[in-house]
Amino acid sequence: MHSFVIQGRKPLKGTIPVFGAKNHALKVLPGALLMPGEVRIENVPAIADVIHLERIIQDLGVDIQTKGRRRILNVPKKIRTILSPELSPKIRASVVLLGPVLARMGKVVVPHPGGCSLGRRPIDLFISAFTQMGARVKNVDEKYVFTTNGARLTGAHITFPRVSVTGTETVLLAATLAQGRTVIYNAAMEPEIPALAHWLNRAGACISGAGTPTIVVDGVKSLRPTPVRIIPDRIEAGSFAILAAATHSNLTITHCNPEHIAVPLRILQDMGVKMVIKKTAIHITHVPRVLTPMDIFTHEFPGFPTDLQAPMTVLLTQARGMSKVTECLFEGRLLFTDKLKKMGANITVLGDHSALIQGETPLIGKRVESPDIRAGLAFVVAALIANGETQIDNAAMIDRGYESLEHRLQAIGASIQRISYERT
Ligand code: EPU
């Protein structure tokens with residue numbers, strides 16, 4: 001197993017690039033299954049979740065060639081319909097394959113998907129949507145068997161009782177090949193969704209409204225193989241902006257789309273951070289000695305993303321006064337604050353969904369373990385500002401979402417090393 005060992009309080013300076021978006025790549029790869037033939041995907045991040053999903057897709061009979069950040073998928077006319085029972089339960093995004101495989105083959109067997117332990121992560125919204133689209137669903141031994149009895153899925157009016165990112169994407173993908181019109185109400189609006197729809201439309205789909213709460217899809221008989229480029233990872237960009245603020249660094253974050261993180265950037269500015277925002281770059285130019293405390297609510301896009309809550313909580317330990325964080329999406333996402341408290345933070349957790357942070361408090365290096373991708377990154381931010389050495393175990397969690405993080409941080413002056421250790 002790997003850990004990161006970080007010596008804190010080193011001055012950071014320079015440029016840090018943002019790579020392709022994890023949560024776009026994890027939907028485009030399944031989406032390619034809708035297009036028999038050769039599909040080229042550019043700017044794919046080399047992260048563990050993507051590599052894992054690629055293995056699941058290869059197991060369905062798809063050939064994948066990797067050339068740096070380019071993937072060339074050769075999607076056969078017939079694909080297997082049973083998702084690997086060993087690989088699929090390990091990542092949440094495996095459930096997205098349900099849409100394309102069912103739409104193409106009329107059958108799919110999906111193990112219950114796993115992923116970060118952020119609290120309850122059911123798939124009831126998927127089951128109800130596909131039932132409305134004409135599929136039959138049986139739940140046998142932790143697996144779901146979806147069938148259409150050889151017919152195409154049928155378009156339906158689907159109202160999500162709560163906003164679901166992968167739910168919206170999975171239904172959107174399947175609806176492109178359904179018979180008739182599908183309308184998705186209360187759809188998620190994350191930037192990865194219009195990006196997905198734009199590509200599918202270029203491939204011959206008929207989608208309007210992606211990026212708004214109502215998406216209309218008129219099903220077509222087939223899609224043609226169409227190349228696509230993964231958009232920049234907005235969570236990486238936001239994480240690096242927070243990291244710059246926490247370490248009081250002049251950093252330039254490149255290859256990003258600042259429009260996708262307008263709310264987090266606005267909050268950083270309200271805290272006192274000065275920045276110059278360009279079309280594809282953010283220059284953090286000045287961080288004041290005293291940062292203003294904030295009241296943060298996580299919210300679906302365009303609100304403050306839950307995936308930036310943990311690093312932002314670390315930053316708020318450095319603001320002078322009382323801040324409050326309300327995590328509206330996942331009940332497990334404040335648990336990491338226990339370990340942050342061991343590093344010296346003054347945090348009072350109020351139930352599953354909110355925490356009070358009294359700052360500013362110096363942090364001290366400790367040995368901690370990364371519980372999920374984003375809390376892992378938060379510990380990296382904490383370690384960079386802490387006095388002394390921090391060891392973050394279970395670096396594999398961070399590798400799931402951030403490609404070669406240590407090299408990018410070393411390039412801006414951080415003291416971060418990857419080491420191997422035996423779990424006791
Ligand atoms: N939900 C249900 N039933 C369902 C599906 C979801 O109750 O069938 C609930 C969830 O339990 C949660 C809420 O709906 O309380 C929202 O979950 P959503 O479905 O939107 O989350 P997701 O699609 O599983 C994606 C990202 C997450 C990100 C969330 C919220 C991917 C692969 N994952 O998850 O990313 O936190 O949207 O923006 O796109 C990460 O990148 O670290 C990560 C966890």
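The lining of the largest cavity comprises two nonpolar, one polar and five charged residues. Here Ala, Val, Leu, Ile, Met, Phe, Trp, Tyr, Cys and Pro are nonpolar, Asp, Glu, Lys and Arg are charged, and the others, Gly among them, are polar. The model is predicted, so local features need pLDDT of at least 70 and side-chain atom pairs pLDDT 80 or more, while totals for chains, interfaces and linings use all residues. Residues are numbered from 1 along each chain as its sequence is written, and side-chain values use heavy atoms, without hydrogens or water.

Back to the cavity. The structure holds one cavity of 30 Å³ or more. The volume of the largest cavity is about 40 Å³. Its lining consists of Ala21, Lys22, Asn23, Glu192, Asp233, Arg234, Ile235 and Arg374. Helix 1 (22-31) and helix 7 (234-246) are the elements that give two or more residues to this lining. Helices (H or I, at least four residues) and strands (E, at least two) are DSSP runs, numbered from the N terminus. On a 1 Å grid over the protein atoms alone, a 1.4 Å probe fits in a cavity but cannot get out; a pocket is an open set with protein on both sides within 12 Å along at least five of seven lines; lining residues have an atom within 4 Å of a point. Grid points are joined across faces, edges and corners, and a volume is the space filled by probe spheres set on the points.

Of its 15 lining residues, Arg9, Ala246, His248, Gln318 and Ile385 are the closest to the centre. The lining divides into six nonpolar, five polar and four charged residues.

Now the helix packing. Helix 9 (residues 309-316) packs against helix 11 (residues 373-385) at about 25 degrees, with the axes 7 Å apart. That makes the two helices roughly parallel, a label for angles under 35 degrees. Axes are lines fitted to C-alpha atoms over the stretch in contact, and angles run from 0 to 180 degrees between N-to-C directions. Helix 9 contributes Ala310, Pro311 and Val314 to the contact (heavy atoms within 4.5 Å). Helix 11 contributes Arg374, Ala375, Leu377, Ala378, Val381, Ala382 and Ile385. By class, the contact has nine nonpolar, no polar and one charged residues.

Last, a loop. Ile82 sits between strand 5 (70-75) and helix 3 (98-105). Ile82 touches Asp59, Leu60 and Val109, leaving aside residues up to four places away in sequence. Leu60 is 22 residues from Ile82 in sequence and 7.3 Å away in space, C-alpha to C-alpha.

Technical notes
Angles under 35 degrees count as roughly parallel, over 145 as roughly antiparallel, 65 to 115 as roughly perpendicular and the rest as oblique.
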